[in-house]
Amino acid sequence: MNPARTLQTPRLQLRLPVARDLPVYTAFATSARAKTVGGPFETAQAFDKLAAMIGHWELRGWGRYVIELDGRAIGHCGPLDTFGGTPEMTWTLWDATAMGQGFATEAVQEVIRHLFDDCGWSDVKICIDPANDASHRMAQRIGAQAINVPGPARWPEAKTYTLTRKAA
Amino acid sequence: MPAPILDTPRLRLRPHVMSDMDAFATFFEGTRADHLTKPQNTSHLWYIFTSEVGSWELIGIGGWAIETRDGQLIGQVAITQPPHFDEREIGWILFDGFEGQGYALEAATAALHWAWEQDMQTLVSYIEKDNTRSIALAERLGAVLDPAAQVDEDDALVYRHSPDIDGNPEAYA
């Protein structure tokens, strides 16, 4: 099956990005917290990046979800494929106050379960900034294996992992 | 909402599909893109291209693929306003080999019609000073140079489109 446009976890709703996310996402993307994902970005870049998340869904039929907690957007997660390679699983919490409560893990594990179990995907890769300790711990927690290959062209210094259906 | 389909006598303006990006990559490698902001790498191209798709959902405007009635992709027309643009812009590109046949005029006219139907009051085209062919097209569309309009780049001109001077049905005649 094609990936669902909404998913639900015990505490979170996952859905496509929409216009009302733009100010929340822009606040994150232009802040110092965006350093681990290649930022901080200009406001115009933040627009392009959120619009590109929606465009990815339209063009590929799947993409990244906005994570909602009690109706409030706190981040995004999901698969990204810019050039037709192995899809990359991504996650980012926009809201610093939402960190440390397992929300990203809960959201990503549901997306992975859905992609592997319901949609038959076999593997994803994960690229993480070398200094982003929280994300490295999370990659290990969800069963990803570190591999010694360079990051993508846009981000060669990233540390890469693979997560396969069997390991998840 | 995805881009609405607009039909003209010879063309269809339609939402982009994934395979359109290859044609954009080729276009930006060529000299016909010299007057435009070229993507720095393929990742940048990805964000430029997919943003013009997702822009429809975010702000109700974005890019259309231009194809001939037999399905040949020949370029793009887009109405966009990323946050660093002072105003909504209409822009166009035609791929190599399709210029000189009035296709850009026909496609831009259809997009302008659509904009006026949405009650937009004005649109601008930001055009590099030495991009004579795009300036000629803006003028054929009825746009007028607006020296008072704000523009970020020193070498850009602002041509202003308005519902009462262009995009009217006679442009098809």
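This is a predicted model: local features need pLDDT of at least 70, side-chain atom pairs count only at pLDDT 80 or more; totals for chains, interfaces and linings use all residues.
1. Confidence first. The model comes with an ipTM of 0.90 and a pTM of 0.91. For chain B, the average pLDDT is 91, and 95% of the residues reach at least 70.

2. What chain A is made of. You'll find four helices and eight strands in chain A. If you walk along the sequence of chain A, the pattern reads β-β-α-α-β-β-β-α-β-α-β-β. The C-alpha atoms of chain A take up a box of roughly 40 × 35 × 35 Å along the principal axes. A compact globule of 168 residues would have a radius of gyration near 15 Å, and chain A agrees because its own value is 15 Å.

3. Inside chain A. Of the 168 residues in chain A, 38% are buried. Take the contacts in chain A between residues at least 6 apart in sequence: 55% of these link residues at least 24 apart.

4. Now chain B. Chain B has four helices and eight strands, and from the N terminus they come in the order β-β-α-α-β-β-β-α-β-α-β-β. Its radius of gyration is 15 Å, close to the 16 Å that the globule rule gives for 173 residues, so chain B is as compact as a globular protein of that length. The C-alpha trace of chain B spans about 35 × 35 × 35 Å along its principal axes.

5. Inside chain B. Buried residues account for 35% of the 173 residues here. Among the chain B contacts between residues at least 6 apart in sequence, 56% bring together residues at least 24 apart.

6. Where the chains meet. On one side there are 22 residues of chain A, in contact with 20 residues of chain B. H2(A) supplies the largest share of the chain A side, with 15 residues. By type, the chain A side splits into 13 nonpolar, four polar and five charged residues.

7. The helix pair at that meeting point. Helix H2 of chain A (residues 43–60) packs against helix H2 of chain B (residues 42–59) at an angle of about 85°, and their axes are 6 Å apart. An angle of 65 to 115 degrees counts as roughly perpendicular, so H2(A) is roughly perpendicular to H2(B). The residues in this contact include Leu50(A), Met53(A) and Ile54(A) from H2(A), and Tyr47(B), Val53(B) and Leu58(B) from H2(B). Sorted by type, the residues of the contact between H2(A) and H2(B) are nine nonpolar, six polar and four charged.

8. A buried spot to look at: Ala104(B). This residue sits in helix H3 of chain B, residues 103–117. Ala104(B) counts as buried because it has 25 C-beta neighbours inside 10 Å. Setting aside neighbours within four places in sequence, Ala104(B) is in contact with Gly75(B), Trp92(B), Leu94(B) and Leu137(B). Leu141(B) is 37 residues away from Ala104(B) in sequence, with 10.0 Å between the two C-alpha atoms.

9. You'll find Gln81(B) in the loop between strand S4 (73–80) and strand S5 (89–94) of chain B. Gln81(B) has 18 other C-beta atoms within 10 Å, so it is partly exposed. Not counting residues up to four places away in sequence, Gln81(B) touches Ile59(B), Ile61(B), Glu87(B), Arg88(B) and Glu89(B). Gly62(B) and Gln81(B) are 19 residues apart in sequence, and their C-alpha atoms are 8.3 Å apart.

Definitions and conventions:
Residues are numbered from 1 along each chain as its sequence is written. Chains are lettered from A and ligands numbered from 1 in the order in which they are written. Helices (H or I, at least four residues) and strands (E, at least two) are DSSP runs, numbered from the N terminus. The radius of gyration is taken over C-alpha atoms; the globule rule is 2.2 Å times the number of residues to the power 0.38. A residue is buried if 20 or more other C-beta atoms lie within 10 Å of its own, exposed if 12 or fewer, and partly exposed in between; C-beta atoms are placed from the backbone. Two residues are in contact if their C-beta atoms, placed from the backbone, lie within 7 Å. pLDDT is the predictor's confidence in each residue, from 0 to 100. Axes are lines fitted to C-alpha atoms, for helices over the stretch in contact, and angles run from 0 to 180 degrees between N-to-C directions. Angles under 35 degrees count as roughly parallel, over 145 as roughly antiparallel, 65 to 115 as roughly perpendicular and the rest as oblique. Ala, Val, Leu, Ile, Met, Phe, Trp, Tyr, Cys and Pro count as nonpolar, Asp, Glu, Lys and Arg as charged, and the others, Gly among them, as polar.
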